[in-house]
Amino acid sequence: MSDALGTEFVGRKGPYFWLSLKTGLLTILTLGFYRFWMKTRLRRYMWSAIRPGGHPMEYLGTPLEKLLGFLVAVVFLAFYIGIVNLILMFASFSLFAGNGAAYALSFIGILPIIFFAQYRARRYILARTRWRGIRFGLEPGAWGYAWRAALHWLATIATLGLLLPRQVFYLEKYRADRTFFGDKRLHQGGDWKILYPAMTHMMIGAIFGAGSLAVGSTSHEAFLFLLPVFGLWFGYGFVHFRVQTLRLLTSHKTLGGIALKAEPRTASVMKIYGVGYTLVYTVVGGLLFALFILLFASIMTMIGSAGALDETFDVELIQSMTDTPVWITTVLTIMLYFTVFLMWNVLSQVFIGLPLTAHYAQTLSVLNPQALTAIRQRPRDEFAEAEGFAEALDVGAAI
Amino acid sequence: MTLIHVGGDTSEPQVFGDLLDGERALPQRVEVTLTASHLTLTPGEGASQDWPLSQLRSQPDQAHPSDLMLSLAGDPVTRLVVRDREMVRKIEAAAKSLGKRPPTQNTGRLLGWSVAAVASVALIIFVLVPAMANQLATFLPPSGEKALGDTTFEQIRNALDDSGFDPVPICESTAGSAALAKMEARLTENLDLPYPLTVRVLDHSMINAFALPGGYVVFFDGLLDVAQDPDEIAGVFAHEIGHVVARDPSRMALRSAGSNGVLGLLFGDFAGGAVVLFLAERLIQANYSQTAEMNADIFASETLEKAGISPLGLAQMFERFRELGGTTPDLLEHFMAHPDLMSRIERAEASASAAPFTPSLTDVEWQALKTICD
């Protein structure tokens, strides 16, 4: 055995496109019911495409357990959301004469539940993931995660983002230290301050952006032109932070003598985003344009054929065409909406989701794989609720 | 893959696969041979095992174009990965039930929770939320209702817009607005309203009018176009004031705040949610306002009589709604809350007593109102 196992990625855009198109279409036709099947199938594909040391990951979640978990979550959340929303709306309009307060309060009220749901979703996904036949797992601890996440967010906001690395590190450490592969526990090493260098570009963007806004709005208006530059710089810095924290955190993870090494590159991720979004916008835009042309052409043909029949070409004819089919245009609009929505989802899965996963997979290696010999299976975590809360709240819903 | 020939007499090359026993993280290299009824896995040392072909299952949705990941029916952990294309082809031809899925488990629990979920959502949307909305609406201070109305009005203007750029414009020609103000003054003369009315005409072809929280009464230009007599508009106007006085719009707004959240929960984000939410919500509301509509009609005929305006205008307007409803398949009209128009026509006609009536507007004023959007 060599000293490091590299990771292959065998997913391809063609098959993944058809799979997500097919399942996405079924989801729309079933008013969202098929989404549990869609998510399961897309995950099975994506997991099996990632092959550390040549052995595919395996996803074993089932659609029906997701549906069950969702139903359980609906029973509990429906009360909470229905009643709480109504009371908040009432309170907000009685006390503040506006709905801003209601939305803000309702969002803040739901935040701990969102953190809770995210942890539970991760537990479900890890419990249904295997590699070399061995299960991953995550210890229960969702409420502990929820209040920690809420406090870390408060601290980060209070310090204008200066404590962001601390938040990212400790939340990841909380999750990682409760993660298992077989009977061995994962350990998040390192220190939160190692994440600071990754923040450099974000800081430059934020500080100089704020500076040029301050100078520009008070004395020298020309400085305002710098604002978009630093805005973009901040955007780049944000991606850089995400990629580099992932790299640093992963490379400081160990598990029973095994270590991980991640080497994702910000430039590659930026390129994937750039090319991906350009393609998605172009194709969806092109699709819209084609539909528009089609519609225009059919109207023109109708007018043309009316003219050929020697009918008088007058305003009334056009009037009758623009007036009558109200329900036709309504149906067309709804179909158009769904088509655009579907294509948007499918294409961003194929041109952004897949290449990103490929990049992160291909830059990941497992060091000292000899230690895998000592790993034994862990028992199955039944966890009937699955990711129901996350599904119902639309968080962590991406595959 | 290196092909290793053992001995000189074997015509078939040996094929190996990776066996994952689900106990240790170590793939075991086994020789894979296919017989008429079994797949035989032979490790380098130790006993070989026979997997019956009828029990072989393959994992679906796998990314690798040619690898085959096999398992045995009833065994959730053991896996065999075969990479040799020729062998994969042979196994796929020989094993007939590769695609068979394990039987559904937990059917009872699934059904139980489905019933529980439907029951709890129904309870909340149809019982709890309406009951709470009815109660809370009476406690809303007028300033709060006004704010709610302002917000909703802008949302509706944006939602009804066809062009996708600007909210639907408000019509306010000087003479038209004056005529509308006169009608308002006549109708509200004898009324004790919690707040002054805000009357608006929207430049939209829909044949309808509606009330919003905080005293909003909104007409669509389409309604003004089809009306042939000012008393018809006065009738609709009085009807909408009836909703305002009963605080129906505030109930509706509070109610939709509650039920919207729950519906959002159910449909998830499978299509941005917005369109489905809007339609589902409309259906619920149309069902909800039956009693409220009836009460508004009774209020309207009384108010019209007090103001010295013939309630027959209301009846004519309903007649017109019915005629139009019969001829234009306007999808949206089904969603607008207007239950059994016939009985309302009859009630309005019955209530038109022999009292002396004056038209709600003069001919000049009526023409000004009809052209308020021009």
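# Briefing: chains A and B

B:Ile298 is partly exposed, with a relative accessible area of 35%. This value comes from a predicted model. Chain B has 374 residues, and chain A has 399. The points below cover each chain, the interface, and then single residues.

**Chain B overall**

- Chain B holds 13 helices and eleven strands.
- Buried residues make up 49% of the 374 residues in chain B.
- The accessible surface of chain B is about 17,400 Å². Carbon and sulfur atoms account for 57% of that surface.
- Take the contacts in chain B with a sequence separation of 6 or more: 60% of them come from residues 24 or more positions apart.

**Chain A overall**

- Chain A has twelve helices and eleven strands.
- In chain A, 47% of the 399 residues count as buried.
- Among the contacts in chain A between residues at least 6 apart in sequence, 76% link residues at least 24 apart.

**The interface between chain B and chain A**

- Chain B contributes 67 residues to the contact, and chain A contributes 66.
- Four salt bridges are counted between chain B and chain A.
- A salt bridge joins the side chains of B:Asp67 and A:Arg51, with N to O at 2.9 Å. This pair qualifies because the cut-off for a salt bridge is 4 Å.
- Twelve residue pairs are in polar contact across the interface, counting pairs with both residues at pLDDT 80 or more.
- Five elements of chain B give two or more residues each to the side that touches chain A: strand E1 (16–20), helix H2 (107–139), helix H3 (142–159), H7 and helix H8 (274–288).
- H2 of chain B gives the most, with 16 residues.
- The side of chain B that touches chain A splits into 41 nonpolar, 16 polar and ten charged residues.

**B:Pro130, in helix H2**

- B:Pro130 sits in helix H2 of chain B.
- Its relative accessibility is 9%, so B:Pro130 counts as buried.
- Leaving out residues up to four places away in sequence, B:Pro130 touches B:Ile124, B:Ile125 and B:Arg255.
- B:Pro130 and B:Ala93 are 37 residues apart along the chain, and 61 Å separates their C-alpha atoms.

- Most residues other than glycine have a negative phi.
- B:Asp61 has a positive phi, near 55 degrees, and is not a glycine.
- B:Asp61 lies in the loop that runs between strand E5 (56–58) and strand E6 (68–72) of chain B.
- With a relative accessibility of 15%, B:Asp61 counts as buried.
- B:Arg247 is likewise not a glycine, and its phi is positive at about 60 degrees.
- B:Arg247 belongs to the loop between helix H6 (230–246) and helix H7 (248–267) of chain B.
- B:Arg247 counts as buried because its relative accessibility, 16%, falls under the 20% cut-off.

**B:Ile298, in helix H9**

- B:Ile298 is in helix H9 of chain B, which spans residues 290–306.
- Why is B:Ile298 partly exposed? Its relative accessible area is 35%, and the partly exposed class lies between the buried cut-off of 20% and the exposed cut-off of 50%.
- B:Val226 is 72 residues from B:Ile298 along the chain, and their C-alpha atoms are 24 Å apart.

**A:Ser348, in helix H11**

- A:Ser348 lies in helix H11 of chain A, residues 326–362.
- A:Ser348 is buried, at a relative accessible area of 17%.
- The A:Ser348 side chain comes to 3.3 Å from the backbone oxygen of A:Asn345.
- Setting aside neighbours within four places in sequence, A:Ser348 contacts A:Val280 and A:Gly353.

Key. Residues numbered from 1 in each chain as written. Chains lettered and ligands numbered in written order. Predicted model: local features only at pLDDT ≥ 70, side-chain atom pairs only at ≥ 80, totals over all residues. Heavy atoms only, no water. Helix = DSSP H or I, 4+ residues; strand = E, 2+ residues; numbered from the N terminus. Buried < 20%, exposed > 50% of the residue type's maximum accessible area, 1.4 Å probe, protein only. Contact = heavy atoms within 4.5 Å. Polar contact = N/O pair within 3.5 Å; in protein donor to acceptor, adjacent residues only side chain to side chain. Nonpolar A, V, L, I, M, F, W, Y, C, P; charged D, E, K, R; others polar. Areas by Shrake-Rupley, 256 points an atom, 1.4 Å probe, with all protein chains shown as cover.
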